[in-house]
Structures are given as C-alpha cells and as structure tokens.
Amino acid sequence: MRAFFSIHINENAAEHILNALPKNQEVLWYPRQNLHITLQFVGEVMANEMLKLFKIGEDAAQKISAFLLQPSKIIFTEDRIRLTIEPHPNLIKLHDLIAEALKSENLGKLDENLYTPHITLGRVSKTSRDLPEIQPDFKNYEIPVNSFGIFLSEQGANNMGLYTLFKEFKLSWF
C-alpha cells in the first residue's frame with residue numbers, strides 16, 4: 001500500500017478554489033475529492049506498519065490545535081499547477097512532528113527539501129506551457145483545518161491518483 005499523511009481540503013473549500021479557476025481545455029483539473037495538502041509522503045507500507053502510522057498521527061494530533069490556512073498564489077511546477085499555501089506555524093509544526101516520528105521509526109521516504117505546502121490543482125500537457133497567467137484572488141479566503149489523515153494512494157484513470165482516507169485524526173480546539 002502507498003500511504004501519505006495529508007490535510008484533505010473539505011468540499012466547500014475545494015469548490016471555492018476550483019470555481020475560481022478558468023475553464024481551460026489544455027488543463028486537466030483535478031476533481032475536488034483529490035485536493036489535499038501533503039504533510040508527509042510515506043510510500044509503500046506493510047499492513048503491520050500501519051499501527052505505527054496510527055500512533056504517529058494520534059500523537060501529532062494531540063499537540064496541534066485547529067487552524068486556518070491562507071492560499072497564496074498559483075505556480076507551475078513541471079507539468080503541475082499548484083496553489084501555494086502560506087506556511088502557518090501549526091501546519092509547519094504538524095509536518096515536522098510527523099516527519100520526525102517517521103524518521104525515528106525508520107518509516108517512509110523522507111524529503112530533505114524545505115517543506116513548501118501547496119495544493120496540486122491540475123496537470124498541463126508538455127506542449128501547453130504557454131497558458132495565460134492564472135492568479136485568482138484568495139486574499140480574503142481561508143481554508144479551515146480541523147483534521148488530517150493517512151491516505152492510501154492507487155493509480156486511477158489518466159494517471160490520476162485515487163486517494164482513500166484510511167484513518168482521520170481530529171485536531172484539538174485549545
């Protein structure tokens with residue numbers, strides 16, 4: 001099983017984001033149920049390792065309170081269109097807690113690059129790099145975060161991932 005920790009974007013926030021984007025035939029926009037902010041990719045895990053992932057998630061959830069995220073700007077990376085997210089202190093702490101716990105358990109493929117939170121919105125073909133600039137105004141919009149989860153990933157149609165919530169962790173309200 002391929003697993004990752006992420007914040008799933010709730011239906012209302014996903015609709016708001018997707019409705020602000022232009023309808024362009026050269027962009028394969030992701031469905032709202034695929035919108036998420038990856039906290040930490042784990043990779044292939046065995047069934048017996050899932051209990052360790054549950055413990056990591058539960059421990060992290062107890063140390064972080066719910067928060068609001070501010071979308072920033074649209075960027076193009078390789079063949080992906082991404083919405084960058086302002087690095088809220090609770091988001092960074094949640095990422096770091098999970099990354100440190102995975103490292104101490106020797107689980108996952110830890111990314112040594114600087115964590116840059118984002119939501120991948122869609123893909124463009126390699127021939128359509130001359131798209132007009134896309135910069136919806138999200139200044140007065142915030143994404144509520146009151147949980148995160150372990151998601152399982154499998155390949156779907158059009159190389160589009162299918163993500164299934166395996167375990168959700170509620171954040172505290174303190």
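Visitor: Which residues does Thr120 touch, not counting residues up to four places away in sequence?
Guide: In this predicted model, Thr120 has its place in strand E7. Once residues up to four places away in sequence are set aside, the residues that Thr120 touches are Tyr30, Leu35, His36, Arg80, Ile81 and Arg82.

Visitor: With which side chain does the side chain of Thr120 make a polar contact?
Guide: A polar contact needs a pair of N or O atoms within 3.5 Å. The side chain of Thr120 has such a contact at 3.3 Å, and its partner is the side chain of Arg82.

Visitor: Is Thr120 buried or exposed?
Guide: The word buried is used for residues under 20% relative accessible area, whereas exposed is used for those over 50%. Because the relative accessible area of Thr120 is 16%, this residue counts as buried.

Visitor: Which element gives the largest share of the lining of the largest pocket?
Guide: The largest pocket has a volume of about 930 Å³, and of the 30 residues that line this pocket, the closest to its centre are His36, Thr38, Arg82, His118 and Thr120. The elements that give two or more residues to this lining are the strands E1, E3, E6, E7, E9 and E10. The largest share, six residues, comes from E3.

Visitor: How many charged residues are in the lining of the largest pocket?
Guide: When the lining of the largest pocket is sorted by class, 10 of its residues are nonpolar and 13 are polar. The charged residues in this lining number seven.

Visitor: Which element supplies the largest share of the lining of the second largest pocket?
Guide: The second largest pocket holds about 190 Å³ of space, and among the 15 residues that line this pocket, the closest to its centre are His8, Asn10, Asn146, Ser147 and Glu168. At least two lining residues come from each of E1, E8, E9 and E10. The largest share, four residues, is supplied by E9.

Visitor: Which residues touch Leu53, leaving aside its neighbours within four places in sequence?
Guide: Leu53 belongs to the largest nonpolar core, which has 51 residues, and together with Phe5, Ile119 and Phe148, Leu53 is among those that touch the most other members. Leaving aside neighbours within four places in sequence, the residues in contact with Leu53 are Ala3, Phe5, Val42, Val45, Leu102, Leu107, Ile150 and Phe169.

Terms used: Residues are numbered from 1 along each chain as its sequence is written. This is a predicted model: local features need pLDDT of at least 70, side-chain atom pairs count only at pLDDT 80 or more; totals for chains, interfaces and linings use all residues. Side-chain values use heavy atoms; hydrogens and water are left out. On a 1 Å grid over the protein atoms alone, a cavity is a set of points where a 1.4 Å probe fits but cannot get out, and a pocket is an open set with protein on both sides within 12 Å along at least five of seven lines; lining residues have an atom within 4 Å of a point. Grid points are joined across faces, edges and corners, and a volume is the space filled by probe spheres set on the points. Ala, Val, Leu, Ile, Met, Phe, Trp, Tyr, Cys and Pro count as nonpolar, Asp, Glu, Lys and Arg as charged, and the others, Gly among them, as polar. A nonpolar core is a set of buried Ala, Val, Leu, Ile, Met, Phe, Trp, Tyr and Cys residues joined through side-chain atoms within 4.5 Å. Buried means under 20% relative accessible area, exposed over 50%, partly exposed in between (1.4 Å probe, protein chains only). Contact means heavy atoms within 4.5 Å. A polar contact is a pair of N or O atoms within 3.5 Å; within protein, one must be able to donate a hydrogen and the other to accept it, and residues adjacent in sequence count only if both atoms are side-chain atoms.
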